[in-house]
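Trainee: Please take me through this model feature by feature, giving the general idea before each case.

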Amino acid sequence: MADIETGYLNGFELQMETIEDTFEVAVATYEYPYVDGADLEKMGQKVRPVKIRCYFYDGDQDNYDDHVNLINSLAMDHAGLDELVHPVYGTLKGYVTTVSVRADDRQRCAEVDITFLEQRRKTLEITILADVDQSVEITFLNSQDEQAVDLTTDIVGIFGYNPPFPTDIPSTSLLAEIGGQISAPARQFARGLQSRLAQFETLATEVTQPTNSLVATINYTADLPGKILGTITRMVEREAALFTSLRQFPARVTSSLSAAFGALEAELGKLPATPANLFCLKHVRIAHAQRLALEAAYSYADDQNRRETLAAQPPAFDTMGNYTPPPEVTPVANVLELESSLADARSSIQAVIQDNRSMKTLKTMARQLLEHVYTVKLEAPRMVAIQVDQPTPLHVICLRYGLPYSQAEQITRINRIPWASAVQGEVKIYV
């Protein structure tokens, strides 16, 4: 059974596996009388069908109802080609020709088999990676607007209306700012919210953020939702600033942020389950998922800049035999590190979406990060595992397989080799 991976079809996220992928070449045969055999002429590749199987179920995925929306979307006539973002082949254009559904409403699970025909490929073009940091920044701003709407809905449900908050005076309580007659539960909520916001304001106050940061460009509204959202977002940004120096290492920065964000969420989860505490925990988790995706995008952009610098460097020796020292660049992240950081960011987003499926911009962030990592993986050299029977220096292994000595450090990081002068056992290298 193939591994289940994440893909997209016309914007729908799929948990899928490839069950068949056919490549067939059209060959014309020319036979002659009294001549053994035939002349063959290659006429090009026939249409390429890709058959995938998608799984929808409630539980870990909680997406059983999504298969109905997918089927209805495919059944509708629409202009243009279908788009399949395959976890291995990247983006494919074509048409869905067959859809086979096996659903069980009692078990809340469904299997959907899809046959996708790829459109004729045109002249191959060099793949240019989009600026993942810029695209995720735009989605981050849209996500802030989406969270503001969700936050306002929660407040209206508690107060019965959207209470104003025209000024920001620390010595004044929320109750004094809100004014008017409010119910006893709403009054208790305001007191608890005041306490949590005061704690958020004092968290990581020693961190000074630059005036040109993304959050500094956001003008939050002067009402109560704007006050809450601004306080939480700035608090999370100060938390993330403590790990800015790790952006050169995608896996380290996302794992460190996940641990720091998880510790704060755990502290909030230990508090009494009052409406104010649950309200703050919900929106802090959303802010954490947004920031983790943004920091991952910044780390990917930094890594891509280093890749381009290394790709543009001149040969080690020029035509006259003079040695040209390579630029001092931090080694690029390997595939395992990129996948690890992607898993951290998408796990945080998935945890939020399971509780609040209205945050569609978080899904967009997850897709943008996924597309970037998959594009890097498609362009990266293939990794294979070799067996080293006798203790061998790592540079000798590089020489044996035609690899430059500069890859020794990267191979050490991939395999976590403790002693590069005596390598033995299974070793993963690039070919």
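This is a predicted model: local features need pLDDT of at least 70, side-chain atom pairs count only at pLDDT 80 or more; totals for chains, interfaces and linings use all residues.

Trainee: With which residue does Glu 24 form a salt bridge, and how far apart are the closest N and O atoms?

Mentor: A salt bridge is counted when a side-chain nitrogen of Lys or Arg lies within 4 Å of a carboxyl oxygen of Asp or Glu. Here Glu 24 is paired with Lys 46, and their closest N and O atoms are 3.2 Å apart. The two belong to distant parts of the chain, 22 residues apart, with Glu 24 in the loop between β2 (12–21) and β3 and Lys 46 in the loop between β4 and β5 (49–57).

Residues are numbered from 1 along each chain as its sequence is written, and side-chain values use heavy atoms, with hydrogens and water left out.

Trainee: How many salt bridges does a search of the whole structure find?

Mentor: The search of the whole structure gives 26. One of them joins Arg 53 to Asp 113, with 2.7 Å between the closest N and O atoms. Arg 53 is in strand β5 and Asp 113 in strand β8, so this pair ties together parts that lie 60 residues apart in sequence.

Trainee: Is Asp 113 buried or exposed?

Mentor: The terms rest on relative accessible area: buried is under 20%, exposed is over 50%, and partly exposed is in between, using a 1.4 Å probe and protein chains only. Asp 113 counts as buried because its relative accessibility is 14%, whereas Arg 53, at 24%, is partly exposed.

Trainee: Which residue forms a salt bridge with Asp 303?

Mentor: That partner is Arg 307, with the closest N and O atoms 2.8 Å apart. Asp 303 and Arg 307 are separated by about one helical turn because they stand four residues apart in helix α7 (residues 275–311). Asp 303 is buried, with a relative accessible area of 2%, while Arg 307 is partly exposed at 22%. Elsewhere, salt bridges that share partners join Arg 53, Arg 102, Glu 111 and Asp 113 into one network.

Trainee: With which side chain does the side chain of Lys 93 make a polar contact?

Mentor: A polar contact is a pair of N or O atoms within 3.5 Å; within protein, one atom must be able to donate a hydrogen and the other to accept it, and residues adjacent in sequence count only if both atoms are side-chain atoms. The side chain of Lys 93 has such a contact, of 2.9 Å, with the side chain of Glu 83. Lys 93 is in strand β7 (residues 90–104) and is partly exposed, its relative accessibility being 39%. If residues up to four places away in sequence are set aside, the residues that Lys 93 touches (heavy atoms within 4.5 Å) include Leu 81, Asp 82, Phe 116 and Gln 119. Lys 93 and Gln 119, although 26 residues apart in sequence, have C-alpha atoms 5.6 Å apart.

Lys 227, in helix α5 (residues 224–241), is buried at 15% relative accessible area, and its side chain is joined to that of Glu 201 by a polar contact of 3.5 Å.

Trainee: Where is Tyr 34 found, and what is its phi?

Mentor: Tyr 34 is in the loop between β3 and β4, and its phi is positive, about 60 degrees, although it is not a glycine. Tyr 34 counts as exposed because its relative accessibility is 88%. Arg 108, in the loop between β7 and β8 (109–118), also has a positive phi, near 55 degrees, and is partly exposed at 30%.

Trainee: Which parts of the model have pLDDT under 50?

Mentor: pLDDT is the predictor's confidence in each residue, from 0 to 100. It stays under 50 over residues 123–127, for which the model has two contacts beyond four places in sequence, and over residues 167–171, for which there are three. The chain averages 83, and 88% of the residues score at least 70.
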